[in-house]
Amino acid sequence: MSTMVGTYLEGAWMPGAYPWVGRRGAGKREARGGVPVGLRIESIKADIRWLGFDWGAHFFHASDYFEQLYAYGEQLIQAGRAYVDSQTEEEIRANRGTVTEPGRPSPHRDRGVAENLELFRQMRAGAFPDGAHVLRGKADMASKNMKMRDPLLYRIRHARHHRTGDAWCIYPMYDYAHCISDAIEGVTHSLCTLEFDNNREIYDWILDQLGWPTPRTRQYDFARLALNYLITSKRRLRALVEGAGWHVREGRHNTAEEGSGGAGAYIYLLYLLRHACGRCFTRLASLGPSRFISRACGRCSTTLTRP
């Protein structure tokens, strides 16, 4: 299996794009801030091209695998590793427990396989309203990792999907679609920021229960990169832009001035990492994103090669 890195645009914010776009957030179909999902996706694609990358034929959606994801849900039920829970959202949250107390099992946790399969199939057929049932993994309600306390795998949502239309009214949750989509695509390194550290256990658990062969995809977590004298936090940039009325100079600058709105500073970090010396971060203006150039940094003499 060749190395293939998968990254997620969940939470990405780039200039000219729109915040909080999920590459595999299968349930994130609605427009946010009045911006249609399709337009947000095209905007992020344009920004990735601006950085100098091209995915070629390898552009995928969770909706490409909706039928497979559903079939794996039935497989988990048949193996006794998933069940349909009819508790309300508030009841599920209350029974999850706390960081010091274990969760309490759902009264529907011991439903039989036949009943669970029938309910899951009726969920797909549109027999129930939103929130009536969810599909949960039968993991460990006493786990110290609260995300492992019978994680939600599917929910009912009667809403039009921007790619599949009205074909589905149940949608896979992020943690479920994430690992299976990676495994289907042959991704070996799924890169996530540190807030997804606790989700890694679900990632592995689901693939274990499905008997996915090894070697297989793995999730790797990394900390955000902080640069001196440069604001890279979306939250702080938003405070400047929306709260203090500042704007960011258009283009590749990381400076902020009072004036109209903008969000160019965040992309500067990505541009810097691709077009700057990896040792001292001196900007190399002559390194075009589509050229192969080898040269020495004028500041620290590091030999640089950039695609």
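1. Strands β2 and β3. In this predicted model, β2 pairs with strand β3 (residues 134-137) over 4 bridges. The pairing runs in the antiparallel sense. Within it, aspartate 85 sits opposite valine 134 of β3.

2. The sheet around them. The sheet is open and holds 4 strands. Their order is β2-β3-β4-β5, with antiparallel pairing. β2 (82-85) and β5 (170-172) form the edges. Each has a single partner strand, so one side of each lacks a neighbour in the sheet. From one strand to the next, the twist averages 20°.

3. Length of helix α2. Helix α2 covers residues 66-78, 13 residues in total. At 1.5 Å a residue it should span 18 Å. The C-alpha atoms at its ends are 19 Å apart, which agrees with that expectation.

4. Burial along α2. Which residues of α2 are buried? They are Phe66, Leu69, Tyr70, Tyr72, Gly73, Glu74, Leu76 and Ile77. Note that Glu74 is on this list. As background, an α-helix has 3.6 residues a turn, so residues three or four places apart point the same way.

5. Serine 63. This residue belongs to the loop between α1 (37-50) and α2. Is serine 63 buried or exposed? Its relative accessibility is 13%, so serine 63 counts as buried; the cut-off for buried is under 20%. Setting aside neighbours within four places in sequence, serine 63 is in contact with His161, Arg163 and Thr164.

Technical notes:
Residues are numbered from 1 along each chain as its sequence is written. This is a predicted model: local features need pLDDT of at least 70, side-chain atom pairs count only at pLDDT 80 or more; totals for chains, interfaces and linings use all residues. Side-chain values use heavy atoms; hydrogens and water are left out. Helices (H or I, at least four residues) and strands (E, at least two) are DSSP runs, numbered from the N terminus. The expected span of a helix is 1.5 Å times one less than its number of residues. Buried means under 20% relative accessible area, exposed over 50%, partly exposed in between (1.4 Å probe, protein chains only). Contact means heavy atoms within 4.5 Å. Two strands pair if DSSP finds at least two bridges between them. Axes are lines fitted to C-alpha atoms, for helices over the stretch in contact, and angles run from 0 to 180 degrees between N-to-C directions.
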